[in-house]
Amino acid sequence: MSLYDSHGSDGDLPPGLAFLSGGGAATRLILARDWTDHPLGPPQGWSPAFKTALSLLLNSPESMILCWGRDELFFFFNETYFPLLGPRLDGAMGSTLARVWPDAWDQARPIVEAAFAGRSQRFVDLPWKLDTDRGAAETWWSFSYSRVLGEDGAIVGLFIFTKETTARVLADRAVEDGQRQLESLNRDLERLVAQRTAERDRMWNLSPDLMAVVGADGRYLTVNPAWTQVLGYDQAELVGLSGDTLAHPDDVAATEAAIVTAKDMILPQFEMRIRHKDGSYRWIQWVAAPGDTEIFAVGRDMTDAKIAAEQLRLASEQLSQAQKMEAIGQLTGGVAHDFNNLLTIIRGSVELLRRPNLSPAKRDHYVDAISDTADRAAKLTGQLLAFARRQALTPELIDVGVAVAGILDMVRTLVGGRIALSFDAGGTPCLAEVDRSQFETALVNLVVNARDAIVGSSSRRGEGGSGHLRITVAPAPGIPSLRGHHDIAGDFVIVSVTDDGDGIAAENQMRIFEPFFTTKGVGRGTGLGLSQVIGFAKQSGGDVSVDSRLGEGATFSIYLPRVVGTAAPGPRDTVDDGIDGRGECVLLVEDNQEVSRFATEALSEIGYQSVLATNATAALAMIEEAPSRFDVVFSDVVMPGMNGVELAMTLRRNHPTLPVVLCSGYSHVLAENAQHGFDLLHKPYSLDQLSRALRRVLDRG
């Protein structure tokens, strides 16, 4: 049974154990041990000498050990000694010295024997390898061993004062090592300084670049030999000259400012012209840095590089101009060919309409032919403008997956029953702010190309035009590297159209987006479909990629900027069927006589009154004279003097409730001014489009 069971802590000890007072945790270890079968017996029966020595040990602030006995050497220690025991602490109190320190006993035995023989010893910084609270380690200790004698002079124990000095020994060694390293570094530094000085001198003398030290007053203190090679001056001719003395007259002010800047901070690349000794000028590019009282500057002769760059620029411009003329020639040839075909149909239909005794059915047929051909001509100009990125887009927030699903029935009709069509929009909303009509046109163009590729491929295989076409819509983390441009990270929507046709040859993939380039047979394509697709995508802030190999089909992907964190748009706004006018008065602003005559008749036909103004100034005068007379202004954009956008901005300031519809055949004009928020109508327009545009702004007002 431990003494804790009967006596508690060392703060409440009976008289028989009072000698253990003040020992703290060490006393508690003594009380916690069961001494029943121990050779020393219970503490109450220990000898007075033992009790006195142990009390001295327990109350000492120094790290102390008392080994009691002559042969067994029972091990006692105070609380200060605890950290030195480390993992040996448990069970150490009252055990034998040899059991507590078996790894040190061989080293300690001769010291103990010497102490018992009366030769007390003191050891300073004695190295021992022991298991301590930090694990096995090389340690250093200071010890003093002395015997304890009883009343009769017999040896009754061993007293040990111990202190670990590992930290100090290691610190002293570190200081010594640091001193040796410092001496070595100093020797190395001296060698390095000598080496760098020699290298600097070689660089100064051999460098092809101009080097100079400039004083605080801006005058040259010294220059290197390169000045003679580059500019023809000897050092003696330059020392003492101001840094701007040899500068080109146009560069003097900039040179003076650069010298002032270099006194306080590193001067980035600065170019100036310096007069050569022969009177010519050389372009020198300088960098400079401040010293304590001077400026260190290095200059490189850039004259030949500038001449070469200018020659390269001129050659590049000439090449670009040649390529541009080739592209314009190809484009105008294609446009002329297509428009001649369209004009042939229109002219022929008009001549047939003029024939006498024409039946109503044939008259309607020719009128429809003219109308259809005019629509095709408008579509052709739209595709050309989209390719040139000059199409005036009307962006709106759409869910791209929903938009594709909305025209899926039309797409199925386009591809035909022999081609299996699949569509996957995934489960993630893909919102984008784009022109819905242009997006649908781009998608249809890709679908038609895919259909033609499948039909051509399967027909050659004898499969009767069958195949599979797949449309997918999904979010994308960016646009990959395309046509020499680096990839673009960000949120994008990717709309992909995949077919299992013949694929596209590698040599054609760099040309497929060129206007009028087509691999289809004669009469089967204009070569403008993909031009419209890439023009729309780039104008919308995205791009188009193609992935194809011969015999493995093709995938065309449109990348559009994705709108994140916005709710999906609701149903599309529609205009009621009653779109015609109700007698409202339109101020028509148009400088072209033929167009104004047509527009006046068109407005009357769809139920509007109209008043014509041939320029913006006249229109403003009419409005100021009778502000309530007009319900809406319908104005051309490109006119002499004040243009239509400027007119609309003036009306917005002076008559904010008067609605305005702008119209132009110059789509780039509308595109450049679309940010002003005015409603836009493109020429050529139909009566239905005109009526809807006017009704939209009137109903909104």
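Predicted model: local features only at pLDDT ≥ 70, side-chain atom pairs only at ≥ 80, totals over all residues.
1. Helix α22 covers residues 687-700, which is 14 residues, and from its first C-alpha to its last it reaches 20 Å, close to the 20 Å expected at 1.5 Å a residue.

2. Within α22, the buried positions are L690, S691, A693, L694, R695, V697 and L698. An α-helix has 3.6 residues a turn, so residues three or four places apart point the same way. The partners against which the buried residues of α22 pack are the elements α18 (593-605), β20 (632-636), β21 (660-664) and β22 (679-682).

3. Strand β22 contains D679, and this residue counts as buried because its relative accessibility is 15%, where the cut-off for buried is under 20%. The side chain of D679 makes a polar contact, at 2.9 Å, with the side chain of R700. When residues up to four places away in sequence are not counted, D679 touches V660, V661 and L662 as well as R696, V697 and R700; of the elements discussed here, β21 spans 660-664 and α22 spans residues 687-700.

4. S540 lies in the loop that runs between α17 (529-539) and β16 (543-548), and with a relative accessible area of 15% this loop residue is buried. The side chain of S540 reaches the backbone oxygen of F536 at 2.8 Å. In sequence, S540 and Q438 are 102 residues apart, while in space their C-alpha atoms are 10.0 Å apart.

Key:
Residues numbered from 1 in each chain as written. Heavy atoms only, no water. Helix = DSSP H or I, 4+ residues; strand = E, 2+ residues; numbered from the N terminus. Expected span 1.5 Å × (residues − 1). Buried < 20%, exposed > 50% of the residue type's maximum accessible area, 1.4 Å probe, protein only. Contact = heavy atoms within 4.5 Å. Polar contact = N/O pair within 3.5 Å; in protein donor to acceptor, adjacent residues only side chain to side chain.
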